[in-house]
Amino acid sequence: MVGCVGCFWALLSSCLVAVCSFSFLSPAWIVKERGGGGARRWAAGLLEATGGGGGGGEVSFGLLWHCAEPGRRHVPDCYTVGGLGRFSQIPSGSWQTSAVLCSGGCALLAFSSLLAVIVIFLPSGPCERRVCTLASYIQMAAVFIMGSGLLVYPFGLGSATVRRHCENSSLYYAGDCQIGWGYMLAIVGVMLSVFLPFFAKYAPKEHASPTPLPTIL
């Protein structure tokens, strides 16, 4: 018999692996809109309307990617910053640490998702319970590691590379830039992953068996 909780646990684990992987590969963790902010944005719009300039392009940073929209072009140029290129190219030690933690946590979450799928096909018994327990511990470790990576990432806002695009940026302050959808999606994915170990506790098929009703004499 296939347990409903076990199937839901495996499905949720697989979905969260996809969400976390997509968010970690996203280049939109820190975003600067076209023209910057405040008076500079108004001045850029005036220059663009009078044909005097492009108003600056949109710039975005991620863990492994950096995108820039030069001048009047509306198609951003994206390239790797470390990761797929050279790890030392990541502009901040905090971002390097965050990349290692988030990647490692996502790998652990993917491994636990594989264990959750295997549990569906295991017969009910001690082996199934041990696999569920192992997967729950791995998922707790993955949540802690990825959460630590997300907390470390804003320390890199004070680096020289970020300050060049986001003026007045500092630790946990993006300056003229703003938090992008990629970072918010990563936070949501990690927060939802907190519930995975609780589902793992009730994933064994013995919990899915109905409780016998008392015999009415």
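A residue counts as buried under 20% relative accessible area, as exposed over 50%, and as partly exposed in between (1.4 Å probe, protein chains only). The model here is predicted: local features need pLDDT of at least 70, side-chain atom pairs count only at pLDDT 80 or more, and totals for chains, interfaces and linings use all residues. Numbering runs from 1 along each chain as its sequence is written, and side-chain values use heavy atoms, with hydrogens and water left out.

Start with Trp29. It is buried, at a relative accessible area of 0%. Tyr153 is buried too, at 1%. Rings of Phe, Tyr and Trp (its six-membered ring) pair if their centres lie within 6.5 Å; planes under 30 degrees apart are stacked, over 60 edge-to-face, and the rest tilted. The structure holds seven aromatic pairs. In one of them, the ring centres of Trp29 and Tyr153 are 4.7 Å apart and the planes stand at 65 degrees, so this pair is edge-to-face. Trp29 sits in the loop between α1 (4–25) and β1 (30–32), and Tyr153 in the loop between α4 (126–152) and α5 (160–165), so the pair ties together parts 124 residues apart in sequence. Helices (H or I, at least four residues) and strands (E, at least two) are DSSP runs, numbered from the N terminus. Trp29 and Tyr153 also belong to one aromatic cluster with Phe24, Trp95 and Tyr183.

Now turn to helix α6, which holds Ile187. Ile187 is partly exposed, with a relative accessible area of 26%. Gly147 is 40 residues away in sequence, yet the C-alpha to C-alpha distance is 7.8 Å. Val194 lies in the loop between α6 (181–193) and α7 (196–201). Val194 is partly exposed, at 38%.
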